[in-house]
Amino acid sequence: RYRNGEILRIGLGDLLGLREIEEINLELTSMAEVLVKAVLTIARREAAAGKGGDGGPFAVVAMGKMGGREMNFGSDLDLIFLYEGPEASREFQTRVAQRLISFLSSPSGEGVLYRIDMRLRPSGHYGPLVTTLEAFERYHRENAMVWERQALTKARWVAGDVDFREKVAAILEKLAYDRPFGAGGLEEVIRVRARMEEEIAEEGKNPFLDIKAGRGGLVDIEFAVQALQLVHGQKRPGLRTPSTLKALEFLVETGLVEEKKYNTFRRAYLFYRQIENRSQIYQGRSESRIP
């Protein structure tokens, strides 16, 4: 009920022109954070009541649009669960994570809160649901693909033990930015982008425009910004932000992007995001393909 009321309030603010797109997406993200924190409290209480548990440090890390504080009305939650403690505590933390996912994504009389996407965790679908912070760091140092490092530009602690927050945030920033990102990394970003254009957007095969994955779409803007963050973020801490628009502002302020290109990127980004929001209000689901 709370979520439905907030969606109505924020949606009316959008349709009546009372709020800018950046404010709308920030409010939608803030609402999601409040709900994840509330649900985590319930999940931990129920997990402890079932079989007991030590309840060691636990963190919910948001990726994607939630990580960037850029959520739409129909955004999924891209989440990673991290904890600290002995292997014996994995069972308890897994129960917490399972309950959290269930409460967030199970249908009720009031509807569903969110769809949950866990594919960005180490090893994707094949990896454990919860990962120790040490194992997470080791995976990203030794085995992660370029796109996984790129995804870390959006990673952000959103819920869990506050005392664990700074440690998690420091590791996330180090993994994204403390190593050089050279020509090989840029080539891989371009290769992945081309695959998305062909396989997801099916560019040129259908009579529609995919404003997200299609040519000249949102992903082009986001990938360009993220690539520049990874190339220059090691020496320019101001670039280490999960927000696409804030990163763009820093890029133009430091001369890394020309003002004309900045204006083109910003206008296109806000235009596409508005189309996404209006489409989701109208259809009640996330849809990036338009006639």
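This is a predicted model: local features need pLDDT of at least 70, side-chain atom pairs count only at pLDDT 80 or more; totals for chains, interfaces and linings use all residues.
Residues are numbered from 1 along each chain as its sequence is written, and side-chain values use heavy atoms, with hydrogens and water left out.

The protein has 11 helices and 7 strands; helices (H or I, at least four residues) and strands (E, at least two) are DSSP runs numbered from the N terminus. Its radius of gyration is 19 Å, close to the 19 Å that the globule rule gives for 291 residues, so the protein is as compact as a globular protein of that length. The radius is taken over C-alpha atoms, and the rule is 2.2 Å times the number of residues to the power 0.38. Along the principal axes, the C-alpha atoms fill a box of roughly 60 × 45 × 35 Å. Of the 291 residues, 46% count as buried (under 20% relative accessible area, with exposed over 50% and partly exposed in between, for a 1.4 Å probe and protein chains only). Among contacts (heavy atoms within 4.5 Å) with a separation of 6 or more, 70% come from residues 24 or more positions apart.

Arg1 lies in the segment before helix H1 (2-15). With a relative accessible area of 73%, Arg1 is exposed.

H1 itself meets helix H11 (residues 259-283): their axes come within 11 Å and cross at roughly 125 degrees. Axes are lines fitted to C-alpha atoms, for helices over the stretch in contact, and angles run from 0 to 180 degrees between N-to-C directions. H1 and H11 are therefore oblique to each other (under 35 degrees is roughly parallel, over 145 roughly antiparallel, 65 to 115 roughly perpendicular and the rest oblique). Gly11, Asp14 and Leu15 of H1 touch Asn277, Arg278 and Ile281 of H11. By class, these residues are 2 nonpolar, 2 polar and 2 charged.

The second pair is helix H9 (residues 218-232) and helix H10 (residues 244-253), whose axes come within 10 Å and cross at roughly 55 degrees. This pair is therefore oblique. On the H9 side the contact is made by Ile221, Glu222, Val225, Leu228 and Gln229, and on the H10 side by Thr244, Ala247, Leu248 and Leu251.

Key
Ala, Val, Leu, Ile, Met, Phe, Trp, Tyr, Cys and Pro count as nonpolar, Asp, Glu, Lys and Arg as charged, and the others, Gly among them, as polar.
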